[in-house]
Amino acid sequence: MAAKPNSEVHFGEALTRRGHLVRSTLTSGPGLLWLTLFLLAPLLAVVCISFLTRSVYGEIQWPLTLENYRRLIGFGPFGFDSLYPLIFLRSLALGALTTALCLLTGFPLAFFVATLPVRFKTAALTLVVIPFWTNLLIRTYAWQILLAPDGWLSRVAAVFGVVSPETPLYPSLFAVALGMLCDFLPFTVLPLYASLEKLDWSIVEAAMDLGASPRRALWHAVLPQVRPGLIAGGLLVFLPATAQFVIPDLLGGAKTALLGNAIQQQFGPSRDWPFGSAIATAALLLVLAGIWVHARYSERKGDA
């Protein structure tokens, strides 16, 4: 079919530029409008509020200022205070710990699921995502019950001398790590499973034929092939784990301030929306930086 003058063929149909614009508006317009109203506009509002000032009674007012960001990096009205830099470092450390635990436990689990017969894979993946079917708060309270003094985990730990009898396993770093692992493990397993399912076993067999030990074959033949899944799973865990505060509060005894706690405090009891917006903006920049690093690394390795 010959195209009309000043028209282009799209999906077998000749459309003028105006017709193409109308068609694009009708198909993509509602989605773009939704994203603009409920994602971009709120994010832009948070960024703008972060440059405003809090009044004596908690209202948002002029003038524009960088004082919120100065306070965030530690320079307050009474000199340098390391509180908020330490909050960022603690949150990053928690995210790194959670990511390491999820990768160490998620890789063997994803490998096991990927090597199952086809008829069992759906059931195994369903078991992996079952924790998502329950609210995070309910799962965290369930861990409190399991780690209580009369819980079977505490009794087993007492038998092996890890804790004294009738002593709970929470609040503790162990309880926080266990809760975070339970919450974020599926985010690691699913991308790793997608990579492992496409694994080229002929490369592994060639490495073994050339004398590689199982450990060297894993390092040189398996891990390079599943690198995209490792990176994606690590990012999917690290970025939200840095802002997690429900699990550290309930299983860690609410003794340590993290990013999530700080933002909730500023938007809640403190009524300091400009400073809370500055913390949220900094956390958003951290997320964007992680995504940018992943994109650049994937592009350099040829995985993009």
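Predicted model: local features only at pLDDT ≥ 70, side-chain atom pairs only at ≥ 80, totals over all residues.

Mentor: Residues are numbered from 1 along each chain as its sequence is written, and side-chain values use heavy atoms, with hydrogens and water left out.

Trainee: How many helices and strands does the protein chain have?

Mentor: Helices (H or I, at least four residues) and strands (E, at least two) are DSSP runs, numbered from the N terminus. On that basis, the secondary structure of the protein chain comes to 13 helices and six strands.

Trainee: What radius of gyration does the protein chain have, beside that of a compact globule of 304 residues?

Mentor: The radius is taken over C-alpha atoms, and the globule rule is 2.2 Å times the number of residues to the power 0.38. For a compact globule of 304 residues the radius would be near 19 Å, but for the protein chain it is 25 Å.

Trainee: At what angle do helix α5 and helix α7 pack, and which word describes α5 relative to α7?

Mentor: Axes are lines fitted to C-alpha atoms, for helices over the stretch in contact, and angles run from 0 to 180 degrees between N-to-C directions. Helix α5 (residues 136-146) and helix α7 (residues 173-197) have axes 11 Å apart and an angle of about 140°. Angles under 35 degrees count as roughly parallel, over 145 as roughly antiparallel, 65 to 115 as roughly perpendicular and the rest as oblique. The angle therefore makes α5 oblique to α7.

Trainee: Which residues make the contact between α5 and α7?

Mentor: Contact means heavy atoms within 4.5 Å. From α5 the contact takes L136, R139 and W143, and from α7 it takes L178, G179, C182 and D183.

Trainee: Which residues does T188 contact, leaving aside its neighbours within four places in sequence?

Mentor: T188 belongs to helix α7. With those neighbours set aside, its contacts are C102, L103, G233 and V237.

Trainee: How does V156 count by relative accessibility?

Mentor: V156 is found in helix α6 (residues 152-159). Its relative accessibility is 38%, so V156 counts as partly exposed.

Key. Buried < 20%, exposed > 50% of the residue type's maximum accessible area, 1.4 Å probe, protein only.
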